[in-house]
Amino acid sequence: MRDLNRTVAELMARGKGVLAADESIATMSSRLADAGVAPTGDNRRDYREMLVTTPGLSQGVSGVILCDETFRQRVSGGATFPGALADIGILAGIKVDSGAKPLAGQPGEKVTEGLDGLRDRLAAYAALGASFAKWRAVIDIGDGRPSWRALRANAHALARYAALCQEAGVVPIVEPEVLMDGAHTLDRCARATVATLMAVFAELQDVGVRLDAIVLKPNMVVPGAKSAELATPDEVARATLSALHTIVPEETGGVAFLSGGQPPERATANLAAIRALPTPWPVTFSFGRALVDPALAAWRGEPDRAWAGQRALAQRVAACSGALTGAAAAAAGDVLTIPAPRPVNGGTDRPGAKLRLAPVRAKLPFLKTSGAANGARAWRHAHAAAARQRRDHGR
Ligand code: 13P
């Protein structure tokens with residue numbers, strides 16, 4: 001069985017992040033169709049092969065998340081996708097949830113399903129080469145949303161998934177995504193993110209998940225996509241880290257941000273601003289659209305344009321890797337630089353910044369006794385903590 005801490009260390013290696021190429025068949029098919037490519041199984045395979053065979057990919061990518069279909073497909077050379085990734089020193093991950101479904105009793109809210117049979121599926125994926133997994137919960141901001149009931153349902157499922165992963169020797173990527181959809185303010189996103197993380201970490205602790213052996217995949221704190229509010233990378237970074245510092249315990253193995261539908265350049269600029277501030281956990285990216293959208297647009301499903309897709313992906317990877325190391329984004333994406341190694345739990349090489357770290361454990365006594373009865377208290381606590389963070393950081 002793989003050592004969980006070693007997998008976390010490899011995923012969080014300096015200057016590297018995770019490529020999320022695990023869109024479901026339905027989502028991938030509609031993205032292919034939008035790009036003018038027939039949504040067939042072969043085209044989904046060809047597209048993913050184009051991505052993972054990008055020259056130099058392993059210099060900026062430590063892991064690739066795949067869906068079940070791709071995990072069982074083969075690249076042209078005959079290797080399975082996990083095998084092809086292992087050959088180039090990239091870890092293979094598997095999305096194991098079965099999607100977000102309407103939550104009974106909470107109109108407009110969803111709970112992610114997929115726990116049935118998960119122990120057996122994880123064992124099978126591990127045997128096929130999976131060293132990490134992903135489960136995504138989606139949290140919607142709206143009128144009366146998110147509800148505490150939806151947060152708890154999603155957090156509980158995430159925690160049970162994470163415990164099963166660790167039992168199987170697979171590192172769980174724990175992804176509670178507060179969606180960008182809507183016209184909400186940055187402040188509303190911050191409050192929803194704090195409440196979401198609080199529910200998640202309370203359940204992780206209840207279920208006995210080892211926090212040093214997970215990678216948290218949160219959203220950045222940003223205004224809604226339909227909001228007129230503009231937030232600079234520095235504002236996003238401070239709001240994001242204020243929210244995370246309020247809740248995320250220091251022993252957490254790593255934090256890998258999703259892009260959430262932000263334009264690629266903005267997601268990268270926000271990542272760079274986050275990385276420039278001090279954090280107690282290693283920070284990286286686990287981007288989907290912000291890495292692959294330009295590649296899909298450049299490839300267009302034409303075999304003789306694979307080089308164009310790969311060049312577009314390499315440029316985004318180089319920019320994200322540069323955002324992590326503080327290097328200027330590489331202008332020519334086909335030339336990735338190899339960064340120097342860094343101790344995984346260090347964080348001491350980060351530029352001295354003014355963001356004050358919240359002593360998480362001391363501020364969250366409810367984490368020791370989490371459960372249904374603590375919901376209302378936890379909400380109040382989260383809101384008070386978020387307000388203190390905003391006041392402390394002049395927001
Ligand atoms: P985005 O970066 O496109 O949000 O995708 C990340 C992901 O893995 C969503 O589950």
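Predicted model: local features only at pLDDT ≥ 70, side-chain atom pairs only at ≥ 80, totals over all residues.
Me: What makes phenylalanine 257 buried?
Reply: The count of C-beta neighbours. Phenylalanine 257 has 24 other C-beta atoms within 10 Å. The cut-off for buried is 20 or more. Therefore phenylalanine 257 counts as buried. The residue is found in strand β9.

Me: Why does arginine 300 count as exposed?
Reply: Arginine 300 has 12 C-beta neighbours inside 10 Å. Exposed means 12 or fewer. So arginine 300 counts as exposed. Its place is in the loop between α11 and α12. Arginine 300 also has a positive phi of about 60 degrees, although it is not a glycine.

Me: Which residues does phenylalanine 257 touch, leaving out those up to four places away in sequence?
Reply: Pro218, Met220, Leu271, Ile274, Phe285 and Ser286. A contact needs C-beta atoms within 7 Å. Asparagine 219 is 38 residues away from phenylalanine 257 in sequence, yet their C-alpha atoms are 5.9 Å apart.

Me: How do you know that strand β10 is largely enclosed?
Reply: Strand β10 covers residues 283-287, and five of the five are buried, so the rest of the structure largely encloses the strand. Both faces are covered. Val283, Phe285 and Phe287 lie on one side, with Thr284 and Ser286 on the other.

Me: What makes β9 and β10 a pair?
Reply: Three bridges join them, in the parallel sense. Pairing needs at least two bridges, so β9 and β10 qualify. Alanine 256 stands opposite threonine 284 in β10. Valine 255 has valine 283 as its bridge partner in β10.

Me: Why do β8 and β9 count as paired?
Reply: Strand β8 (residues 215-216) is joined to β9 by two bridges. At least two are needed, so the strands pair. They run parallel. Leucine 216 stands opposite valine 255 in β9. From β8 to β9 the chain crosses through helix α9 (residues 233-247), and this crossover is right-handed too.

Me: In what order do the eight strands close into a barrel?
Reply: The order is β1-β2-β3-β6-β7-β8-β9-β10, with parallel pairing. Inside that order, strand β3 (residues 91-95) and strand β6 (residues 130-139) are joined by four bridges. Glycine 93 stands opposite phenylalanine 132 in β6. The chain has 14 helices and ten strands.

Me: Which residues are around the ligand?
Reply: Ala20, Arg136, Glu175, Leu258, Ser259, Gly260, Ser286, Phe287, Gly288, Arg289 and Ala290. By class, the shell has four nonpolar, four polar and three charged residues. β10 and α11 each supply at least two residues of this shell.

Me: Which members of the largest nonpolar core touch the most others?
Reply: Val64, Ala133 and Val171, out of 120 residues. Helix α8 (residues 186-207) gives the largest share, 13 residues. Leaving aside neighbours within four places in sequence, valine 64 is in contact with Leu19, Ala21, Val52, Leu85, Ile90, Ala92 and Gly93. In soluble globular proteins, nonpolar side chains tend to be buried together.

Me: How many residues has the chain, and what share of them count as buried?
Reply: The chain has 395 residues, and 51% count as buried. Among contacts between residues at least 6 apart in sequence, 78% join residues at least 24 apart.

Me: Where is the cis bond that leads from arginine 145 to proline 146?
Reply: Proline 146 is found in the loop between β6 and α7. The omega of the bond is near 5 degrees.

Technical notes
Residues numbered from 1 in each chain as written. Near = placed C-beta within 6 Å. Nonpolar A, V, L, I, M, F, W, Y, C, P; charged D, E, K, R; others polar. Core = buried A, V, L, I, M, F, W, Y, C linked by C-beta atoms within 7 Å. Contact = placed C-beta atoms within 7 Å. Right-handed = clockwise from strand over helix to strand, strands pointing away.
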